[in-house]
Amino acid sequence: LIRCRVEYCCPLWNPSRIADIQAIENIQRQFTRRIHGLKNINYWDRLKELKLTSLQRRRERYSIIHTWKILNGVCPNDIGMEFKESARMGLKVTIPHLPKGASAAAKTCYDNSFAVKAGMLWNALPKAVNTQGTLESFKTSLGQFMDTIPDKPPTPGYSAENSNSITEWCNQRGGPQM
């Protein structure tokens, strides 16, 4: 009941500030803490125990799926996303360029735009995932790929290796792997 509300239309409003991610993640963190036997387990371990993904990871998944829908004409490409095919890497999104001399505010808006964030997430996918022809096979492959990536969302009181974005985990590992 609550999760559908915090995920509604999330490719549009997906936050990037750590404080915002923590505030949203806190909803699930507080709820899972109330489950019998899990109160004294840290959030990351509770997610594993319950076979849940963080809300942050779910939002990224929805952005990736929306990008697949744009690529395959299921959703309109009203932002003009461009895709290139590479024999080695599969389908990749061409990230739009930011004009030279853009202000810091413009750079922040650019970095947080769907075209850039979703494009970077899509480009982190291996060829075996980004070339799937049906939505169901794509979701299955995406799920298998995401299962290989740690899910440690920003949590107050814990230090994480990075912001938990799929793009950062893939960059640390040297690119998409499956």
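Asn164 is found in the loop between α9 and α10 (helices are DSSP runs of H or I with at least four residues, strands are runs of E with at least two, and both are numbered from the N terminus). The model is a predicted one, in which local features need pLDDT of at least 70 and side-chain atom pairs count only at pLDDT 80 or more, while totals for chains, interfaces and linings use all residues. Residues are numbered from 1 along each chain as its sequence is written, and side-chain values use heavy atoms, with hydrogens and water left out.

Although Asn164 is not a glycine, its phi is positive, at about 80°. Most residues other than glycine have a negative phi. With a relative accessible area of 0%, Asn164 is buried (buried is under 20% relative accessible area, exposed is over 50% and partly exposed lies in between, for a 1.4 Å probe and protein chains only). Lys51 also has a positive phi, near 55°, in a residue other than glycine. Lys51 sits in the loop between α4 and α5 and is exposed, with a relative accessible area of 74%.

The interior of the model comes next. In soluble globular proteins, nonpolar side chains tend to be buried together. Here, the largest nonpolar core has 23 residues, and those with the most contacts inside it are Ile64, Trp122, Leu125, Phe138, Leu142, Phe145 and Ile166 (a nonpolar core is a set of buried Ala, Val, Leu, Ile, Met, Phe, Trp, Tyr and Cys residues joined through side-chain atoms within 4.5 Å). Two or more residues of this core come from each of α5, β2 (90-94), α7 (114-123), α9 (135-146) and α10 (166-173). Leaving aside residues up to four places away in sequence, Leu142 touches Arg61, Ile64, Ile65, Leu125 and Val129 (contact means heavy atoms within 4.5 Å).

A search of the whole structure finds three aromatic pairs (ring centres of Phe, Tyr and Trp, the last by its six-membered ring, lie within 6.5 Å; planes under 30 degrees apart are stacked, over 60 edge-to-face and the rest tilted). Phe83 and Trp122 have ring centres 6.2 Å apart and planes at 80°, so this pair is edge-to-face. Since Phe83 lies in strand β1 (residues 82-86) and Trp122 in helix α7, the pair ties together parts that are 39 residues apart in sequence. Phe83 is partly exposed, at 22% relative accessible area, whereas Trp122 is buried, at 0%. Trp122 also forms a stacked pair with Phe138, 5.6 Å centre to centre and with 25° between the planes. This second pair links helix α7 to helix α9, 16 residues apart. Phe138 counts as buried, at 0% relative accessibility. Trp68, Phe83, Trp122 and Phe138 form one aromatic cluster.

Finally, helix α3 (residues 18-33) and helix α5 (residues 55-71) pack at about 110°, with axes 9 Å apart (axes are lines fitted to C-alpha atoms, for helices over the stretch in contact, and angles between N-to-C directions run from 0 to 180 degrees). The two helices are therefore roughly perpendicular (angles under 35 degrees are roughly parallel, over 145 roughly antiparallel, 65 to 115 roughly perpendicular and the rest oblique). Ile21, Ile24, Glu25 and Gln28 in α3 meet Leu55, Gln56 and Arg59 in α5. The axes of α3 and helix α4 (residues 43-50) come within 10 Å and cross at roughly 70°, which makes α3 roughly perpendicular to α4. Here Glu25, Gln28, Arg29, Thr32 and Arg33 in α3 meet Tyr43, Arg46, Leu47 and Leu50 in α4.
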